[in-house]
Amino acid sequence: MNASEFRRRGKEMVDYIADYLEGIERRQVYPDVEPGYLRPLIPDTAPQEPETFEDIIRDVEKIIMPGVTHWHSPYFFAYFPTASSYPAMLADMLSGAIGCIGFTWASSPACTELETVMMDWLGKMLELPEVFLAGRSGEGGGVIQGSASEATLMALLAARTKVIQRLQETSPELTQAAIMEKLVAYSSDQAHSSVERAALIGAVKIKSIPSDGNFAMRASALQEALEQDKAAGLIPFFVVATLGTTSCCSFDNLLEVGPICNKEHLWLHIDAAYAGSAFICPEFRHLLNGVEFADSFNFNPHKWLLVNFDCSAMWVKKRADLTGAFKLDPVYLKHSHQDSGLITDYRHWQIPLGRRFRSLKMWFVFRMYGVKGLQAYIRKHVQLSREFESLLLQDPRFEICAEVTLGLVCFRLKGPNQLSITLLQKINSAKKIHLVPCHLRSKFVLRFAICSRVVESAHVREAWEHLQELADLVLSEAKE
């Protein structure tokens, strides 16, 4: 494919994408395929001779689209949103064209410097404390990770290195192995499974702190666990507080947990993967109060801020704590400006070496929507979740299982869990809408998340009518 054909095919692909997104609500939101459907539809080996673009596009519709879950359908209410916008797609095209691998400043100065500035822009939108920003001479700063899972792991590994170095400074006879076998991390029993996974990878113990009646981690429960573990000779070192849990969008109490972490010299990492986007709205910023106690903070613009995956924003108060844990300097990666203090090399901030020019997506989206446009988008989703909540409250057969704060509503049919399990089975069989469940204590609960960029009140009401019809079936069958 030469430049001339690329121009032609590129325009055709943009048209295909625009047609796909404009017509997405006419597609069944959840695919009707079985595991292994795709392999019989394609050859066992790659073609020896070139094939045509037309053939490939035909196979996209014939082979790929039947197996796609349409995350951007207005009938998709599962998980949490994944962001999508035309400006971000255009930026991704440019990133692919530039094709730099931005592991150092020298490998592509614009890739590094735009990321630093965009993370400061975003930090200011959130009203983060100044200490988290890079600025012109700050000790903190932000970095784009691939996911919140990566951010949690990076924070845990940095915290592990920091506590080992601190203990060895005062007790040089302690080996790394002797310290590590006693290290303990903590998170709420509502924290995402990626927190436990980070502890497994980091080879440290992790303890789950029981949440309160609002599914939040509180100071008393954390303090009790810390005292028990210290009495047993263990070494607490790391706490993850979640703002907007996956199950029900609950919020750990930062204003209680934060001071304990500071007093006990524990690294406090905040995971706000979903909810963080809402903090750009003044009416939701109070949910972030207490961030000043944290050592690191993370949320995903690729969930709810119209920046396509992957773009997970992470800030640290002291970037030396993060980069010091992973810094290696082979001669082939060194450059003459690395010790100038004016720039950073992001290879020291992450697990991979290479990195894409992801900050272009932020730059395009922030400029083409503006802060006010992004705030309006968040507020619309929250309003739609409140609308769904009000519909539920009008039907006495249903109960709401957690406070509706942002764009997620957790609900169930009153009565035994089997009723809600059967309701979800009927939803999945019908494939008109898509949502997923969770467990809140002993209750089987359905999650209704406002996700699509194009979802409107009419789609929410249509989904509600569908749920009511299926509930009628479930309850009538239960009486038989």
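A residue counts as buried under 20% relative accessible area, as exposed over 50%, and as partly exposed in between. The model shown in these views is predicted.

**View 1. A nonpolar surface patch includes Met93 of helix α3.** Met93 belongs to helix α3, which spans residues 86-98, and because its relative accessible area is 46%, Met93 is classed as partly exposed.

**View 2. Strand β7 is covered on both faces.** In strand β7 (residues 312-316), five of five residues are buried: Ser312, Met314 and Val316 lie on one side, with Ala313 and Trp315 on the other. In a regular strand the side chains alternate between the two faces of the sheet. Strand β1 (residues 141-145) runs antiparallel to β7 and is joined to it by five bridges, with Met314 as the bridge partner of Val143. Strand β6 (residues 296-299) also pairs with β7 in the antiparallel sense, over four bridges, and here Ser296 has Val316 as its bridge partner.

**View 3. Four strands form an open antiparallel sheet in the order β8-β9-β11-β10.** The edges are held by β8 (398-400) and β10 (436-440), each of which has a single partner strand, so one side of each is left without a neighbour in the sheet. Neighbouring strands are turned against each other by 40° on average, direction ignored.

**View 4. Helix α12 lies across strands of this sheet.** Helix α12 (residues 359-393) lies across β8, β9 and β11, running at about 20° to β9. Helix α13 (residues 417-430) packs on the sheet as well, where it touches β8, β9, β10 and β11, and its direction makes about 40° with that of β11.

Terms used. Residues are numbered from 1 along each chain as its sequence is written. This is a predicted model: local features need pLDDT of at least 70, side-chain atom pairs count only at pLDDT 80 or more; totals for chains, interfaces and linings use all residues. Side-chain values use heavy atoms; hydrogens and water are left out. Patches are made of residues with over 30% relative accessible area and no salt bridge: like charges are joined within 9 Å, nonpolar side chains (Val, Leu, Ile, Met, Phe, Trp, Tyr) within 5 Å. Accessible areas come from the Shrake-Rupley method with a 1.4 Å probe; for residues, only the protein chains shown count as cover. A salt bridge is a side-chain nitrogen of Lys or Arg within 4 Å of a carboxyl oxygen of Asp or Glu. Helices (H or I, at least four residues) and strands (E, at least two) are DSSP runs, numbered from the N terminus. Buried means under 20% relative accessible area, exposed over 50%, partly exposed in between (1.4 Å probe, protein chains only). Two strands pair if DSSP finds at least two bridges between them. Axes are lines fitted to C-alpha atoms, for helices over the stretch in contact, and angles run from 0 to 180 degrees between N-to-C directions. Contact means heavy atoms within 4.5 Å.
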